[in-house]
Amino acid sequence: MSLSIDLSGRRTLVTGGSKGIGEATVSRLVEAGATVMTTARRLPPHVPSGVSENLFITADLTSEEGCRTVSDAVHRHWGGIDVLVHVVGGSDAPSGGFAALTEEQWTRELSLNLLPAVRLDRALLPLMVACGSGVVVHVTSIQSQLPLPDSTLAYAAAKAALSNYSKGLSKEVGPKGVRVLRVAPGWVETTAATALIERLAQEAGTDMDAARQGLMASLGGIPFGRPAKPVEVADLIAFLVSDHSGCITGTEFVIDGGTVPTA
Ligand SMILES: NC(=O)c1ccc[n+]([C@@H]2O[C@H](COP(=O)([O-])OP(=O)(O)OC[C@H]3O[C@@H](n4cnc5c(N)ncnc54)[C@H](OP(=O)(O)O)[C@@H]3O)[C@@H](O)[C@H]2O)c1
């Protein structure tokens, strides 16, 4: 029997809700009864089910202006907020180690993986503090503890900064009734990851399973034998933002099938 999670009426912002982990999170939180606003740079072919069209906000969150568009929408539509889930992030850095990472690339990784959370928290946390309650989740990555050197050094550093920032923030706003948590996924097989596996399998003339195994090996292996599913990350987030987790704050939850070899 699944744990019943009731988020009825909770005003919830999920950034990056049109694909992958964000899309699954929006769907799970809507199912639990939350009123969800979500964002992406582009409107997907269909607004996620259960999200009103006027609560899908298009904005590039790497800019201050894009973040302001989203925080203004929260103020305009709701004048308050109960749950904030920062999913936006990722990396398109080239491989080639530290020397391949230009000034622009470093700025981009920090602008996508650290600053949207910092800016949106600065604009929206005062609303939570004013009513003495709220939950913030920062989606980080196991790379904040287990950085991969080839192409994701800047991404890993940005996620480590996000994790450190999140912990500090939790200490400041915990006494004011606001919980701040981190979810650190390992490899999650999103639609984009499945497409990558298909491409790798085609290029190598193997099947999907062999390509998936190859990718897992490049991470140093996943003891559990498979990547996580977006819905599994979404279920964890739903639990963490619910009242079942009412006394949990300032902690990081790793969901990686055992990839990180230490505690
Ligand atoms: N997938 C994994 O294996 C994995 C592992 C560890 C951590 N994570 C973390 O989990 C989070 C989600 O990853 P994912 O793989 O599910 O992502 P994804 O499938 O690439 O989706 C990213 C979402 O963010 C939006 N987005 C991307 N760039 C944006 C920008 N500049 N401004 C506003 N929105 C933007 C995308 O829509 P548009 O493209 O239309 O903007 C989309 O809705 C990220 O923080 C990632 O670092 C993922």
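The following points concern three parts of this predicted model: helix α8, the pair α2 and α4, and glutamate 31.

1. Helix α8 covers residues 230-241, 12 residues in total. From its first C-alpha to its last it reaches 17 Å, which is close to the 16 Å expected at 1.5 Å a residue.

2. Several residues of α8 are buried, namely Pro230, Val233, Ala234, Leu236, Ile237, Ala238, Leu240 and Val241. What do the buried residues of α8 pack against? Their partners are helix α1 (20-31) and the strands β4 (83-86), β5 (134-139), β6 (178-185) and β7 (252-255).

3. Two packed helices are described by the angle between their axes and the distance between the axes. For α2 (residues 64-77) and α4 (residues 115-131), the angle is about 25° and the axes lie 9 Å apart. Because angles under 35 degrees count as roughly parallel, α2 and α4 are described as roughly parallel to each other. Their crossing is right-handed.

4. Which residues form the contact of α2 with α4? Glu64, Cys67, Val70, Ser71, Val74 and His75 of α2 meet Pro116, Arg119, Leu120, Ala123, Leu124 and Leu127 of α4. Sorted by class, this contact comprises 8 nonpolar, 2 polar and 2 charged residues.

5. Glutamate 31 belongs to helix α1. Is glutamate 31 buried or exposed? Its relative accessibility is 61%, and it therefore counts as exposed, the cut-off being over 50%. Glutamate 31 and glycine 258 are separated by 227 residues in sequence and, C-alpha to C-alpha, by 29 Å in space.

Conventions
Residues are numbered from 1 along each chain as its sequence is written. This is a predicted model: local features need pLDDT of at least 70, side-chain atom pairs count only at pLDDT 80 or more; totals for chains, interfaces and linings use all residues. Side-chain values use heavy atoms; hydrogens and water are left out. Helices (H or I, at least four residues) and strands (E, at least two) are DSSP runs, numbered from the N terminus. The expected span of a helix is 1.5 Å times one less than its number of residues. Buried means under 20% relative accessible area, exposed over 50%, partly exposed in between (1.4 Å probe, protein chains only). Contact means heavy atoms within 4.5 Å. Axes are lines fitted to C-alpha atoms, for helices over the stretch in contact, and angles run from 0 to 180 degrees between N-to-C directions. Angles under 35 degrees count as roughly parallel, over 145 as roughly antiparallel, 65 to 115 as roughly perpendicular and the rest as oblique. A crossing is left-handed if the near helix is turned anticlockwise from the far one by less than a right angle, and right-handed if clockwise. Ala, Val, Leu, Ile, Met, Phe, Trp, Tyr, Cys and Pro count as nonpolar, Asp, Glu, Lys and Arg as charged, and the others, Gly among them, as polar.
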